[in-house]
Amino acid sequence: MSVTVRVPAKVNVQLAVGAARPDGFHDLANVFLAVSLYDEVTAAPAADGLRVTCEGPDAAEVPLDRTNLAARAALALAERYGRAPDVHLHIAKDIPVAGGMAGGSADGAGALLACDALWGTGAPRDELLAICAELGSDVPFSLVGGAALGTGRGERLTALEVGGEFHWVFALAARGLSTPAVFREFDRLAEGRAIPEPAADQAVLDALAKGDPTALAVALTNDLQPAALSLFPELGDTLAAGRAAGALAALVSGSGPTTAFLATDAGAASDIAGVLRASGTCRDVRTAVGAAAGATVL
Ligand SMILES: C[C@](O)(CO)[C@H](O)COP(=O)(O)OP(=O)(O)OC[C@H]1O[C@@H](n2ccc(N)nc2=O)[C@H](O)[C@@H]1O
Ligand SMILES: Nc1ncnc2c1ncn2[C@@H]1O[C@H](COP(=O)(O)OP(=O)(O)OP(=O)(O)O)[C@@H](O)[C@H]1O
């Protein structure tokens with residue numbers, strides 16, 4: 001018997017970043033939208049301990065030791081329930097690695113749900129969410145999916161209404177960006193400036209609730225974008241290529257380096273994807289729609 005869980009990637013349609021806190025994290029107003037790019041995590045019984053395997057185009061870049069977020073999730077659950085973490089976790093990875101789309105977080109949330117079902121631990125939802133928050137700031141959202149406002153370091157979630165489908169194109173970059181490095185660059189660029197308290201933008205929430213891509217396009221913001229562009233200036237060419245191809249909006253996804261392009265509809269998304277693919281400014285191009293459901297047992 002094994003359990004497979006499907007978990008979506010995310011794009012941040014608003015990412016407002018406050019000043020660095022004493023613990024090194026930053027308070028955020030983080031508007032997450034789950035999109036239809038998925039990893040699948042399968043948990044199968046194992047005789048003696050924890051094993052992680054991974055398949056997919058970026059599999060070589062995924063650690064298979066206990067630093068893998070899927071492994072950390074299984075260990076955290078096993079420890080809480082006083083059982084041995086005997087499990088084989090297999091990750092079918094489709095979400096870009098180190099891409100700013102919460103791929104590792106998706107695997108953490110997926111492994112947690114898969115192990116809970118495999119072991120019959122029956123952990124309450126609140127406890128699963130608490131374990132997710134310990135694993136990383138983005139992990140609770142990977143569990144719940146849909147759209148949500150994340151406050152604190154992004155882990156405290158309020159579900160948001162989404163009134164229609166949003167069509168996206170994602171351009172994958174030739175190399176990854178480290179999330180801590182991007183936050184550090186944000187701090188460096190902010191030196192000597194007063195940083196306002198991060199707050200959700202009502203225009204973003206209204207556009208999501210209406211399902212209105214044109215309204216969302218003018219409201220989208222990402223405070224980490226200047227930092228990501230500073231560390232990876234070539235992303236400016238990708239953003240320009242997507243805008244020229246007719247995207248309603250172009251922005252860096254989260255901490256990057258994946259760039260995200262909002263399209264009017266599925267046809268426009270497919271056209272923009274074609275132009276980006278031919279532009280030579282990215283490694284690969286994917287289309288997806290949001291909002292997508294959170295971690296789901298298949
Ligand atoms: C950029 C985003 O992806 C936007 O959704 C997230 O804020 C990052 O979430 P994540 O990858 O789950 O991040 P974590 O694993 O919690 O933290 C990794 C590192 O990112 C930085 N970090 C993360 C979240 C946050 N609110 N402030 C931070 O400064 C810290 O340096 C931290 O050590
Ligand atoms: N299951 C996993 N999949 C991918 N990377 C993982 C995983 N577990 C740990 N990692 C490590 O985490 C690093 C960041 O990977 P990840 O794909 O989660 O980045 P990300 O999508 O930019 O994250 P986020 O958007 O949440 O900031 C990788 O370089 C890798 O070393």
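Where does UniProt place the feature "domain: GHMP kinase N-terminal"? The record, an unreviewed entry, puts this feature at residues 68-146. UniProt positions follow the numbering used here, feature names are shortened, and annotations may be inferred rather than shown by experiment.

Before the close-ups, a word on the model: it is predicted, local features need pLDDT of at least 70, side-chain atom pairs count only at pLDDT 80 or more, and totals for chains, interfaces and linings use all residues. Residues are numbered from 1 along each chain as its sequence is written, chains are lettered from A and ligands numbered from 1 in the order in which they are written, and side-chain values use heavy atoms, with hydrogens and water left out.

**View 1. The stretch that UniProt marks as a domain, residues 68-146.** Over residues 68-146 the chain is 58% helix and 8% strand. Helices (H or I, at least four residues) and strands (E, at least two) are DSSP runs, numbered from the N terminus. The end C-alpha atoms of this stretch are 24 Å apart.

View 2. Look for the polar contacts, which are pairs of N or O atoms within 3.5 Å. A polar side-chain atom of Ser137 lies 2.6 Å from an oxygen atom of ligand 1, and a polar backbone atom of Arg153 is 2.9 Å from a nitrogen atom of ligand 1. Taken alone, ligand 1 exposes 640 Å², and the protein buries 82% of that; such accessible areas come from the Shrake-Rupley method with a 1.4 Å probe.

View 3. A polar side-chain atom of Asn68 lies 3.0 Å from a nitrogen atom of ligand 2, while an N or O atom in the side chain of Thr179 is 2.8 Å from an oxygen atom of ligand 2. On its own, ligand 2 exposes 610 Å², of which the protein buries 78%.

**View 4. Lys10 and Asp138, where UniProt places the feature "active site" (unreviewed entry).** Although spread over 129 residues of sequence, they cluster in space, with a largest C-alpha distance of 9.1 Å. The lining of the largest pocket includes both Lys10 and Asp138. On a 1 Å grid over the protein atoms alone, a pocket is an open set of points where a 1.4 Å probe fits, with protein on both sides within 12 Å along at least five of seven lines, and lining residues have an atom within 4 Å of a point. Lys10 itself lies in strand E1 (residues 3-20).

**View 5. Backbone details at Ala98, Pro257 and Ala291.** Ala98 has a positive phi of about 50° although it is not a glycine, and Ala98 lies in the loop between strand E4 (87-92) and H2. A cis peptide bond joins Gly256 and Pro257, with omega about 5°. Pro257 sits in the loop between strand E9 (249-252) and strand E10 (259-263). Another cis peptide bond joins Gly290 and Ala291, with omega about 10°.

Note on methods. Polar contact = N/O pair within 3.5 Å; in protein donor to acceptor, adjacent residues only side chain to side chain.
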